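Biologist: I have just opened this entry and would like a short tour. Could we take it piece by piece?

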Amino acid sequence: MKKKSRWIHKKIMGFYGTKEGVGCTHLALSVANYLHSVEKWKVLYLEMGKFSQLYPLIQQQVVTCDDVILYPYLGVQYLICPTEKEAMQQCERFDGIVVIDFGVWGETFKKLQGICQRNVVLGGIQRWEHEAYVTCINKNKKRNDMAQMEYYSRQVKGSLQVSFYKEHHVWIRPVPQIADPFALKKKDIVFFEQWLHTK
């Protein structure tokens, strides 16, 4: 028996990488598919940018919504490389959870970023990745409610977390290894449970 839709009427989450190749799309896919397959919510996935990493996953079936082509895959509806205007329209009309993969953090989609109730930034705080993360955090402090932000990194050790917090006043949480973003279990996403269920 499927769970009924919860108290959430609409929730919009933005996912960003501090630079390319840090796993932003992998994490966003994992959360989107978990929300549909395990939690049984309606999910719309928007992949912003000029080039899609998801085309190899997409099958031939399509659906249209107000002349915009959506690709359903394993219950999640994907809108690939929309304009900001198209993405905003879909967010307004969709009754469910919207997961937006922005790719690398930047200034490109300011309006769309502005309607996200939760923003997840993924990067690395190792010495060779540290600068990109700090730059991203400083930009966020100037223009966002920091309570809406969640920061994650791969391979976070306790001592590195603490020293980063002391220097930048931001707590970086570790992201667990997610082998298959289309087969998540509740135990794999426990680190997101709190903010997934926050109003």
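This is a predicted model: local features need pLDDT of at least 70, side-chain atom pairs count only at pLDDT 80 or more; totals for chains, interfaces and linings use all residues.

Biologist: Which ring is paired with that of Phe109, and how are the two planes set?

Modeller: The partner is Phe102, with 6.3 Å between the ring centres. The planes stand at 40°, so the pair is tilted.

Biologist: Is Phe102 buried or exposed?

Modeller: Phe102 is buried, because its relative accessibility is 6%.

Biologist: Which residues make up the cluster of ring pairs?

Modeller: Ring pairs join Phe102 and Phe109 with Tyr16 and Trp105 in one cluster.

Biologist: How many aromatic pairs are there by this rule?

Modeller: The count is eight aromatic pairs. One of the tilted pairs is formed by Tyr133 and Tyr151, whose ring centres are 6.0 Å apart and whose planes meet at 55°.

Biologist: Which parts of the chain does the pair of Tyr133 and Tyr151 tie together?

Modeller: Tyr133 belongs to helix H4 (residues 130-143) and Tyr151 to strand E8 (residues 149-153), so the pair links parts that lie 18 residues apart in sequence. Tyr133 is buried at 0% relative accessible area, and Tyr151 is buried too, at 4%.

Biologist: Turning to charges, where does the charged end of Lys42 sit?

Modeller: The charged end of Lys42 is placed over the ring of Phe94, at 5.3 Å from the ring centre.

Biologist: Now the overall layout, please. How many helices and strands are in the chain?

Modeller: The chain contains six helices and nine strands.

Biologist: What is the order of the strands in the sheet?

Modeller: The nine strands form an open sheet in the order E3-E4-E5-E2-E6-E1-E7-E8-E9, and the pairing is mixed. At the edges are strand E3 (63-65) and strand E9 (173-174), each of which pairs on one side only.

Biologist: What holds strands together in general?

Modeller: Strands of a sheet pair through backbone hydrogen bonds, in either a parallel or an antiparallel sense.

Biologist: In which sense do E2 and E6 pair?

Modeller: Strand E2 (residues 43-47) and strand E6 (residues 97-104) are parallel, with five bridges between them. Within this pairing, Leu44 is opposite Val98 of E6.

Biologist: And helix H1, how many residues has it, and how many of them are buried?

Modeller: Helix H1 (residues 24-37) has 14 residues, and its first and last C-alpha atoms are 20 Å apart, close to the 20 Å expected at 1.5 Å a residue. H1 is mostly covered, with 11 of its 14 residues buried. Among them are Cys24, Leu27, Val31 and Tyr34.

Biologist: What about Ser30: which residues is it in contact with, leaving aside neighbours within four places in sequence?

Modeller: Ser30, in helix H1, is in contact with Ile178, Pro181, Leu184 and Ile189. Ser30 counts as buried because its relative accessibility is 0%.

Biologist: Finally, how much of the chain is buried, and what is its accessible surface?

Modeller: Of the 199 residues, 49% are buried. The accessible surface is about 10,800 Å², and carbon and sulfur atoms account for 53% of it.

How values were computed: Residues are numbered from 1 along each chain as its sequence is written. Side-chain values use heavy atoms; hydrogens and water are left out. Two strands pair if DSSP finds at least two bridges between them. Helices (H or I, at least four residues) and strands (E, at least two) are DSSP runs, numbered from the N terminus. The expected span of a helix is 1.5 Å times one less than its number of residues. Buried means under 20% relative accessible area, exposed over 50%, partly exposed in between (1.4 Å probe, protein chains only). Accessible areas come from the Shrake-Rupley method with a 1.4 Å probe; for residues, only the protein chains shown count as cover. Rings of Phe, Tyr and Trp (its six-membered ring) pair if their centres lie within 6.5 Å; planes under 30 degrees apart count as stacked, over 60 as edge-to-face and the rest as tilted. A charge sits over a ring if NZ of Lys or CZ of Arg is within 6 Å of the ring centre and within 35 degrees of the ring normal. Contact means heavy atoms within 4.5 Å.
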